[in-house]
Amino acid sequence: MTGRPAQSQAGSLRERRQALLARSDLRGRPFCHAYAAEADRWLADLCERAIGDRRRVALLAVGGYGRGELCPHSDLDLVLVHDGRSDVAALADAIWYPVWDEGVHLDHSVRRPKDVLSAAAADLRVALGLLDARLVWGDEGVASPLISAARAQWRRRLAASWLPALSEQMSERWARHGEVAFLLEPDVKEAQGGLRDAHALRAMATGAPDLARSADLQAVEVATGTLLAARVELHRAAGRALDRLVLQEQDQVAGALGYPDADALMAAVAAAGRTIAWTCTSTWRRRHRWEPPEPGGIGARARRRRSQAAGDGQATGQATGQAPGEVTGQAAGPATRRAARRAAGPVDEPGVLVIHGEVTVADGVDVGTDPSLPLRVAAVAAERSAPIAPEALRRLSAATSPSEPWPSDTRQALVRLLAQGHRAVDALEALDHVGVVMRLIPEWELVRNRPQRNAYHRFTVDRHLIEAAANAAAFAGRVSRPDLLLVGCLLHDIGKGMPGDHTDEGVRLVARVGRRMGFEEDDVTTLVTLCRLHLLLADTATRRDLEDPATIAATAKLVGDRETLLLLWALTEADGLATGPAAWGPWKAGLVAELVSRVGNALAGEPVDAGRPVSLGERYGDLVAQVRAEGRPVVQVEPPRLVVAAPDRRGLLASVAGTLALHGLDVRGADVSTDAGVAVEVFVLNVTRARLPDVERLRADLNAVLAGDLDLSRRLEAKAQDYAGARRPSAPHPVEPSVTVDVEASASSTVVEVRAPDELGLLYRVTRAFFDCGLDVVTARVSTVGDEVVDAFYVRDGAGSKVTEPALLERVEQSALDALTH
């Protein structure tokens with residue numbers, strides 16, 4: 001045997017794969033099975049021609065290829081097993097090189113049977129791969145005993161070795177990749193609730209028959225099919241191995257799979273991820289029920305009988321004190337010592353028990369007669385950081401819906417549950433998993449698993465609402481009606497499931513839900529107000545001048561009273577924290593707190609301009625004096641603020657903004673004032689996204705710009721082109737640039753608000769457009785919302801007056817729009 005074998009007359013593996021990819025009828029599992037079958041035939045043909053002699057050698061498919069889950073650009077996982085063949089090196093070369101020539105990724109090894117078993121005993125990845133091993137070509141007498149021995153070894157070592165190793169592996173993977181159900185761009189293979197978790201469940205079930213009987217593996221199989229179909233189309237669309245369902249591919253994947261749009265695709269992916277994650281975490285938590293015996297140890301059934309014997313008398317509501325099955329690492333769930341102690345105490349709740357660390361419904365309780373029961377069970381689970389038993393969830397899924405309006409005890413049970421904060425999240429997820437939340441709040445179906453397709457949000461709409469309510473529990477002490485705060489947070493974005501403006505739709509839905517829950521009409525009005533104004537404080541604080549009396553007066557008029565103001569403040573913070581780090585931080589929190597303080601004073605009857613701070617010129621008097629003495633700009637860094645003082649001139653803000661952009665600084669806000677010929681400009685930087693500047697280089701470049709020695713427009717354009725290839729791909733449906741001119745928002749200035757996709761030099765271009773129109777910018781509020789900027793500028797004409805002349809307003813609007821679209 002010399003050289004490499006000639007290609008099969010039936011075509012190369014690459015050609016066979018391409019022919020399958022061209023077939024529109026092959027999606028998901030059917031594609032994977034067809035591709036695996038073609039790979040089998042191609043490899044078998046290759047081995048027959050290149051080797052021929054099957055004795056004492058076998059080529060095994062393992063891992064995903066062994067399962068027949070071969071996506072378009074998956075690796076071929078192969079093991080060449082031999083029983084002492086002296087020519088094995090040549091045999092391996094005769095297989096591996098043609099595969100490499102095909103451009104197909106290969107994960108391969110060459111071993112004797114005993115070496116295969118030794119590797120499987122030492123390496124979890126090898127052991128998992130062998131569970132799906134099958135013969136592709138060669139000696140059945142070599143392959144079959146090895147496959148059987150590998151599976152037997154897995155079963156023997158599962159409890160002692162592989163469960164702890166799996167737990168650690170899963171914990172690390174979940175921490176690194178997040179959760180499939182709640183990510184904007186989930187990794188359908190590696191993230192929590194992804195394909196690797198489904199494979200881990202199958203592997204555990206292989207060695208633990210009790211697990212296979214207790215976990216809903218059929219539901220996991222269906223969910224796996226959904227994720228596998230998405231992965232196949234993702235590979236097909238990208239033309240390479242890609243497991244992260246990125247925004248720019250979601251529309252194409254959705255179309256290929258017959259979903260009406262990308263939102264429907266991502267909702268299905270989220271539902272599948274939730275099913276797998278739920279089954280996985282529930283399985284780990286109940287490990288003591290299914291874990292096989294260690295050699296010489298007792299099995300799950302014996303442990304369960306012993307535990308049940310210790311639990312005599314539990315009808316009184318006493319728990320055994322046994323925590324859920326603990327495993328090393330995060331995958332074990334919430335079985336900390338503190339949580340276990342909470343789960344072990346008596347239950348003073350009619351019809352509710354805690355048995356073996358799980359909250360359940362007592363035998364004989366008619367779940368159809370008590371609509372508050374699901375919420376009371378969940379409240380007990382949250383209070384004790386204990387899970388709800390799967391058997392209880394199955395019973396609760398058949399519970400009756402409450403009458404309309406709800407009985408007060410049902411509403412109180414909901415508030416009691418929400419008041420537990422983040423301990424309520426798992427309990428609410430459990431009720432949602434079996435459809436209880438949608439039965440209680442039918443409008444929940446509109447937002448369940450609904451994605452929010454921008455980088456600003458980290459959760460689906462339903463999970464965002466639950467997280468917001470959980471955050472709000474920590475702020476209940478700020479308000480006199482924590483029940484309205486908690487329910488208001490749970491419902492504030494409920495309108496996102498409807499077409500049209502989500503706030504307008506939400507107002508209508510919240511009124512309906514609030515009345516159904518049995519709130520008094522005045523309370524329903526408050527809930528509606530919280531929904532209608534839930535963006536008011538954050539938007540006003542980041543886009544309007546808080547020193548302008550008109551801003552404070554307008555906000556106070558909308559809010560109406562101090563109690564509503566405090567409710568909105570708590571909701572705003574809870575909402576921002578639930579949205580993500582881009583939505584809430586010290587800068588925004590400080591602005592909102594300042595706005596609340598000023599509006600609160602106005603609602604108390606104090607003058608709206610009371611407490612007006614000193615001017616920037618007075619605050620930075622030393623910098624003003626230095627500019628007058630030296631005649632050149634001064635730059636000072638006070639993180640997160642950067643202060644520039646310079647001889648005043650028209651267009652100075654545009655020059656400084658452009659210089660900051662040239663240095664890669666992300667501006668979040670700007671204030672401008674003039675003191676007898678010296679301009680002071682204070683910029684708030686996003687220090688989480690930008691490094692602190694080199695002050696000397698920044699000042700040198702600013703001097704060069706002001707002297708006309710540095711062409712700012714040309715340099716920014718060149719920098720933008722350099723960055724174009726490295727920037728994160730924009731959302732598939734980017735915001736359309738828009739300009740709004742408001743002559744009523746301020747008594748002394750005209751407010752121009754712009755929205756556009758975020759890009760380098762945008763602030764410079766817009767402020768330069770104002771300069772070209774003969775306007776001065778006196779204040780700017782600059783914020784980045786995901787990939788979108790929302791900037792508000794307070795402008796005046798050359799005489800320092802508010803701009804009201806229609807022709808000039810029209811010119812300003814068009815010039816700003818041109819700057820956004822350039």
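Which residue forms a salt bridge with glutamate 429, and how far apart are the closest N and O atoms? Here are some notes on that pair and a few others; please keep in mind that this is a predicted model.

1. **Glutamate 429 and its partner.** The partner is arginine 274, and the closest N and O atoms of the two are 2.9 Å apart.

2. Salt bridges with shared partners link Arg274 and Glu429 with Asp432, Arg448, Asp462, Arg463 and Glu467 in one network.

3. **Aspartate 197 and arginine 173.** The structure holds 50 salt bridges, and another one of them joins aspartate 197 to arginine 173, with 2.8 Å between the closest N and O atoms. Because aspartate 197 belongs to helix α8 (residues 195-207) and arginine 173 to helix α7 (residues 140-177), the pair ties together parts that are 24 residues apart in sequence. Aspartate 197 and arginine 173 are both buried.

4. Arginine 598 pairs with glutamate 594, and here the closest N and O atoms are 3.2 Å apart. Both residues lie in helix α28 (residues 586-603), where they are four residues apart, about one turn of the helix. Is arginine 598 buried or exposed? Its relative accessibility is 13%, so arginine 598 counts as buried, the cut-off being under 20%. Glutamate 594, with a relative accessible area of 30%, is partly exposed.

5. **How α25 packs on α28.** Helix α28 also has a packing partner, helix α25 (residues 536-543). The axes of α25 and α28 are 9 Å apart and the angle is about 100°, which makes α25 roughly perpendicular to α28.

6. **What lines that contact.** Which residues of α25 meet α28? From α25 come Leu537, Ala538, Thr540, Ala541 and Thr542, and they meet Trp587, Lys588, Leu591, Val592, Leu595 and Val596 in α28. By type, the residues of this contact comprise eight nonpolar, two polar and one charged.

Methods:
Residues numbered from 1 in each chain as written. Predicted model: local features only at pLDDT ≥ 70, side-chain atom pairs only at ≥ 80, totals over all residues. Heavy atoms only, no water. Salt bridge = Lys/Arg side-chain N within 4 Å of Asp/Glu carboxyl O. Helix = DSSP H or I, 4+ residues; strand = E, 2+ residues; numbered from the N terminus. Buried < 20%, exposed > 50% of the residue type's maximum accessible area, 1.4 Å probe, protein only. Axes fitted to C-alpha atoms, helices over the stretch in contact; angles between N-to-C directions. Parallel < 35°, antiparallel > 145°, perpendicular 65-115°, else oblique. Contact = heavy atoms within 4.5 Å. Nonpolar A, V, L, I, M, F, W, Y, C, P; charged D, E, K, R; others polar.
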